[in-house]
Amino acid sequence: MNRMFRKKQTKQRPDAAAQLLMDIVGEENVLYLKEDLISYECDGYTMERGMPRAVVFVRNTQHVSDVVKRLNELGVPYIARGAGTGLSGGATPLGGEVIISLVRMKRLLHLDLENRKAVVEPGYINLKLTQSISDKGYYYAPDPSSQNACTIGGNVAENSGGAHCLKYGVTTNHILGLEVVLPNGEIIEIGKEGIPDQPGYDLLGLLTGSEGTLGIVTQITVNILKNPEGKKTVLAYFDDIDDASQAVSDIIAGGIIPAALEMMDEIAIEGVESAAYPVGHPRDIAAFLLIEVDGIAAGIDAQIDDILTVCKSNHVRKVKVAKDEAERSLWWANRKMGFGAMGAISPDYLVQDGVIPRTRLPEVLARINAISRKYELRIANIFHAGDGNLHPLILFDANIPGESERAAKAGSECLQVCADVGGSITGEHGVGIEKSAEMHFIFSDEEMAAQTAIRHVFNPHDMLNPGKLFPEPGRCAEVKQDMKTASV
Amino acid sequence: MITPAIESVVPREQIKQNNETHHPLGNSGMHIIEACSEEDISNVLAYANDHDKTVNVISGGTKQGYGGTMKQADILLSLAGYKGIVEHSVGDLTLTVRPGTTLKEISDQLAEKGQCIALDPSWPELATIGGIVAANDSGAKRLLYGSARDLVIGTRIVYPDGRVIRMGGKVVKNVAGYDMNKLFIGAMGTLGVMSEITLKLRPLPKYEALSLLHFPEGDEKKIHDVAKRMLDSMMEPVSLEVLTPSTAEKLTGKKLHTLAIAFEDQENAVRVQEKWVTEHLPAGARQTVLFEDEARKWWGQFRQLGPNGYNDSVHSLGLNGYKGGMYDTDPNASTENLSLNDSNNTTDDLYPDGYNNESTAASIQATVKIGSQPSDVLGILQKAEQLAVVHHISIDAHGGAGHGISRVYVYGRADDVIAYMKALRSEAENRHGYAVGTHLPFNLRKIFDVWGDKPAYFALLEGIKQTNDPKKILNRHRFVGGI
């Protein structure tokens, strides 16, 4: 009796909003206790955090619509969230939003091999799609490094890329249709049955990559591809990073579009060799290229020969072709561990995601190097070199006063360099809250206003994922201040 | 009758009065203004917006018969002279180009560096990149290479109030902000005028070949089987285009259902795939293989099927045996009020009296674009042939068994053509697809809604239009639901 009484006193009770959400989805599908909410304070970008008001797990489209309508009535803003692997804070509450979690909408609804499409719910995990169709010889092309955890709904929100998008394109090139709950609760279907070019403005293209600010995707029709007949993977070690960069340009200029063309520099190699899947890369090289060619088997050897020739003419130290699938898989596991591996050589790291015209690679790398010296922070470089998508990883220790702040500044300067050479501040991670201040590097106020005007059409009261993507006056200073106290 | 105001924004020699007041395809303008720069475009639009003038946009003119229920706007803004490559970054495989450049001009220049834009719409020597992107035009090879939405990475857009807004960028991968480019691709110029377009390029294929498979009458089902088998194989066809017999006859000399399978790759890879096709050839089907120049020449002819904005009378008179048949334009339509000063001009000509019995007797040509499941393409083409007989019209038709877009070129009396298009639309809709009239004489566009029914989410489309072009000055009534 006494114990029960005590428990009752200390137990936090659902507030009115949480109670109303329970009416829709059931008591067991709403989190409202502080200890339960803590893991929803941020996504894969951990430098900024905010507490959600509640987390609601929806199971179907109607739930999403009902929840959205109820929250609109209450005036409580909301954020759609998948696996929370996003790297720019797109699913991070700024404070007090309700998180609509889509992880329990995770079914593969329909498979139509003849028309090469699959219909999935947003919480369906990226890699599971490929796994579930691989026995029939098909796969889903977009392959972000987090593909064994991230959801396809999240991929749509962020227009995710991956190592193989050089040849096969990013998420937007593979989305055929969407069912969407609009911020007014209305359910719409665009790209009906995945049929291309349907009359009207291309809302599929607009919504993909809108970072969950225009609508909540509840069903996705994706294009699936047949496995390539042949595939070969090359690893090339270079003593000079400029040679490696030149090799990248020469391969592309030679008329070859590899499926993937990845680069890692010395510090990044140090990281991945200390992590779970060491390959035994030499530690004294300046960079390596991981190059994959796929397609009709008969055409691959000629391309591999061309690639080997290019590498040799750019003073490659050693170049080898993967001898079997096991070796190829190891090379890729080593590469895909890239970000996580930084934990092995640094207490904390910050990853950036700038894009540059690939011909400017040597110049940009030199400038990133200068930034590293200026801030006295090591910067590892892992990048999708083929499409000019850089991932400078800024290594720091949050426990050393001022380092987090310096890391953030160094990251921002790296993005400025990308902008200066005619590139972009993000190639696949999105703007979120992390890079909203840097939007100014590439867009004028007028250009951003043209975009927010479109947001207004879908999300007029800014109830859905407010405060993301676009800088708000005054927020810059706030963020910088938060950065000082951020723990990573 | 040009006002001093407009003369102050564009030099007088760039403005001329349009003497062809009744273009049979509509989408014209009382005054033609040639844009020679982005600034010209901006100035003209800002002028029009300030003075409540409507503006139609044109460059190559190949899509003048595509959508639109306004015979002429106050201004016809021509981008035909605003052409040229701004930047070709060979090592980055990117190109920035002005809208008035024809696809052929671009292709010729890129070919010198061994590159291309992987788009193969009709009439490349006439169609400009601005029009191709604005109309989201595509060809048979989209099966492997995708369409404009997969290739356009950046645009500069002149908004109706004259603002110049950059969308996307010049890098091949970019998720900063909304993917605004997409809004303008296929928007028929209703949201802004593209003054610069940046595209991803591809290396020219090292080698190419084309297999033409001819199927005897009654064996059409085998086309489906071959296409299905090919798509389920690891072969990488660039096209799987089904041609109806009359179309095949023009292009191959054989009046048989034909499947055009293209391969573009390393020579070895192409030959292996050709061999695969030969080995999987169904009984009764015959195969013709064209290599390199021969294949390119064939595609060149393929891309000259159908109307191009200039050949309506040629086709209706000659190619298909129809007599007579220039357009009946409306002789009573107003020819006065040419002054741009007169803001009460009723150019918004939604219900003129141009459609009458006389005009329905004339022979015309039209084009229908059908979108469907790829697996429905053969069935739709067969139905298109059957309906052609029923409606006493003749057609050319082809469709992508791998990508789901079919094109039907229709020749016949106006009333028959309209009845046919309606029947074809119901057939497409029965299969959950759609049919859009991508070419139709102006008068007929008022009795056949070329876009079909509004989508359920039409309010969003209207909202977007309202946001970008609140006064609706640009290409008014050109798009879905009268946008």
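Predicted model: local features only at pLDDT ≥ 70, side-chain atom pairs only at ≥ 80, totals over all residues.

Modeller: N115(A) counts as buried because 22 other C-beta atoms lie within 10 Å of its own, and the cut-off for buried is 20 or more. Its place is in a loop of chain A, between strand 5 (108-112) and strand 6 (117-120). What does N115(A) contact, once its neighbours within four places in sequence are left aside? The partners are Q373(B), P374(B) and S375(B), in chain B. V170(A) is 55 residues from N115(A) along the chain, and their C-alpha atoms are 20 Å apart.

Helix 9 (residues 241-253) and helix 11 (residues 297-313) of chain A have axes that come within 9 Å and cross at roughly 145°. The crossing is right-handed. From helix 9 of chain A come A247(A), D250(A) and I251(A), which meet I307(A), V310(A) and C311(A) of helix 11 of chain A. The residues of this contact divide into 5 nonpolar, no polar and 1 charged.

Now cross to the partner chain. Chain B has 17 helices and 19 strands. Of its 483 residues, 59% count as buried. Take the contacts in chain B between residues at least 6 apart in sequence: 71% of them join residues at least 24 apart.

The domain assignment divides chain B into domain 1 (85-203), domain 2 (207-302) and domain 3 (357-452). The centres of domain 1 and domain 3 of chain B, taken over C-alpha atoms, are 28 Å apart. Their contact takes 4 residues from domain 1 of chain B and 4 residues from domain 3 of chain B. On the domain 1 side, the classes are 2 nonpolar, 1 polar and 1 charged.

Next, a sheet in chain B. Its 4 strands form an open sheet in the order 1-2-4-3, and the pairing is mixed. Strand 1 and strand 3 (55-58) of chain B are the edge strands, each pairing on one side only. On average, neighbouring strands of this sheet are turned by 30° against each other, direction ignored.

Go to strand 2 (residues 28-34) of chain B. It is mostly covered, with 7 of its 7 residues buried. On one side, strand 1 (residues 15-17) of chain B runs antiparallel to strand 2, joined by 3 bridges. Q17(B) stands opposite H31(B) in that pairing. Strand 2 also pairs with strand 4 (residues 72-78) of chain B, in the parallel sense, over 6 bridges. Here G29(B) stands opposite A73(B). E34(B) has S78(B) as its bridge partner. In a regular strand, side chains alternate between the two faces of the sheet. Helix 2 (residues 38-50) of chain B lies across strand 2, strand 3 and strand 4 of chain B, and runs at about 165° to strand 4.

Most residues other than glycine have a negative phi. E376(A) is not a glycine, yet has a positive phi of about 55°. E376(A) sits in the loop between helix 14 (361-375) and strand 17 (379-384) of chain A. It counts as exposed because it has 10 C-beta neighbours inside 10 Å. N136(B) is not a glycine either, and its positive phi is about 50°. Its loop runs between helix 4 (129-134) and helix 5 (142-145) of chain B. N136(B), however, is buried, with 20 other C-beta atoms within 10 Å.

Technical notes
Residues numbered from 1 in each chain as written. Chains lettered and ligands numbered in written order. Domains from an automatic or database assignment. Contact = placed C-beta atoms within 7 Å. Nonpolar A, V, L, I, M, F, W, Y, C, P; charged D, E, K, R; others polar. Buried ≥ 20, exposed ≤ 12 C-beta atoms within 10 Å, placed from the backbone. Helix = DSSP H or I, 4+ residues; strand = E, 2+ residues; numbered from the N terminus. Pairing = 2+ DSSP bridges. Axes fitted to C-alpha atoms, helices over the stretch in contact; angles between N-to-C directions. Left-handed = near helix turned anticlockwise from the far one by under 90°.
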